[in-house]
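Please have the sequence and the model in view while reading.

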Amino acid sequence: MPKRIWPPSDVDYNFVIDLRDSLKQQNRQMYTEMTLAERAYDGDIDLGIQLPGGAPRHIPSRAMSKCDGAAAHIISDFPRVEIRAPGVGARAIHRQELLKELCAYSLERLSITSDVDVWADAKFDLVQLGSACVKVVFDEDAWPDPPDNKDDLDEWRKERRSAWPFATFTVHPATVVVSPDMSWPHKFVIETQKRTAVDMWTRYPNWHDPKQDKSPAREVEWIEYWDDLNYIAWADGVEVFRRDNIHHRPPYIWVGVSRGRRGHGAKGILSGA
């Protein structure tokens, strides 16, 4: 059997941070353009014009209208499922139809169960930033456990048929670093979040706060590392947990568009403007 290259056997905090920072540096132009695009959309730009103190300044809203207009032209209210047949013949066509029905049902349940319009957020990120990222995780709490009593099996099966144990989010693409190869599933994903100290104390009471800061609103850097075997999290450099990855792949889809082509580059509609 070929030697397994990824994941390495010694995944620790320093390894993950070095990996994240090196890939961020390698793609620094992309991340810089994302920041500039967001600033332009918010009107937080330097016009390079010196005005007398107190003089009003008008900032044009062309960046905002350009992004909003382009996103509005991408219809996401009724997403269409397109799946190629995995071969030729009647069996392949039958499998294609089953997969299309499954995907259509998944999209329908997503629209019902999600608190936000995932596709609307994703298409806006794709227009403004040139990339979009969606995270889909299995919610074990939403999946009914088997009953102890056999008489309750029918009710349990009914509950499972109606349950939807998947949580879907859009993730800001600049907070995610994916493996630099062009394949999917991604070999690994590193996500960086900002949480509050009180959130950590409440959800992870065994977490050892390295800063011993009693301010509940203090920002805590949360790092998630995923590969096909591991799901590991650190908060301010301290390991919070290390679990097996029940998805058997990083649960992210990161898509970048550069000059109309898909890839790991990302150029939004405001790039170069």
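In which loop is aspartate 236 found? In this predicted model, aspartate 236 lies in the loop that runs between strand S6 (230-235) and strand S7 (238-244). Although aspartate 236 is not a glycine, it has a positive phi of about 50 degrees, and with a relative accessibility of 17% it counts as buried, because buried means under 20%.

Histidine 248 also is not a glycine and has a positive phi, here of about 65 degrees. This histidine is found in the loop between S7 and strand S8 (252-258), and at 59% relative accessibility histidine 248 counts as exposed.

Arginine 20 has its place in helix H1 (residues 13-26), where its relative accessibility of 12% makes it count as buried. When residues up to four places away in sequence are not counted, arginine 20 touches Val177, Ile190, Thr192, Glu221 and Ile223.

On the surface, a patch of negative charge is formed by Asp148, Asp151, Asp152, Glu155 and Glu159. One of these residues, aspartate 151, is found in the loop between strand S1 (131-138) and helix H6 (153-162), and its relative accessibility of 67% places aspartate 151 among the exposed residues, since exposed means over 50%.

The accessibility values given above are collected here.

| Residue | Relative accessibility | Class |
|---|---|---|
| Arginine 20 | 12% | buried |
| Aspartate 151 | 67% | exposed |
| Aspartate 236 | 17% | buried |
| Histidine 248 | 59% | exposed |

Notes: Residues are numbered from 1 along each chain as its sequence is written. This is a predicted model: local features need pLDDT of at least 70, side-chain atom pairs count only at pLDDT 80 or more; totals for chains, interfaces and linings use all residues. Side-chain values use heavy atoms; hydrogens and water are left out. Patches are made of residues with over 30% relative accessible area and no salt bridge: like charges are joined within 9 Å, nonpolar side chains (Val, Leu, Ile, Met, Phe, Trp, Tyr) within 5 Å. Accessible areas come from the Shrake-Rupley method with a 1.4 Å probe; for residues, only the protein chains shown count as cover. A salt bridge is a side-chain nitrogen of Lys or Arg within 4 Å of a carboxyl oxygen of Asp or Glu. Lys and Arg count as positive and Asp and Glu as negative; His and the chain ends are not counted. The place of a charge is taken as NZ of Lys, CZ of Arg, CG of Asp or CD of Glu. Helices (H or I, at least four residues) and strands (E, at least two) are DSSP runs, numbered from the N terminus. Buried means under 20% relative accessible area, exposed over 50%, partly exposed in between (1.4 Å probe, protein chains only). Contact means heavy atoms within 4.5 Å.
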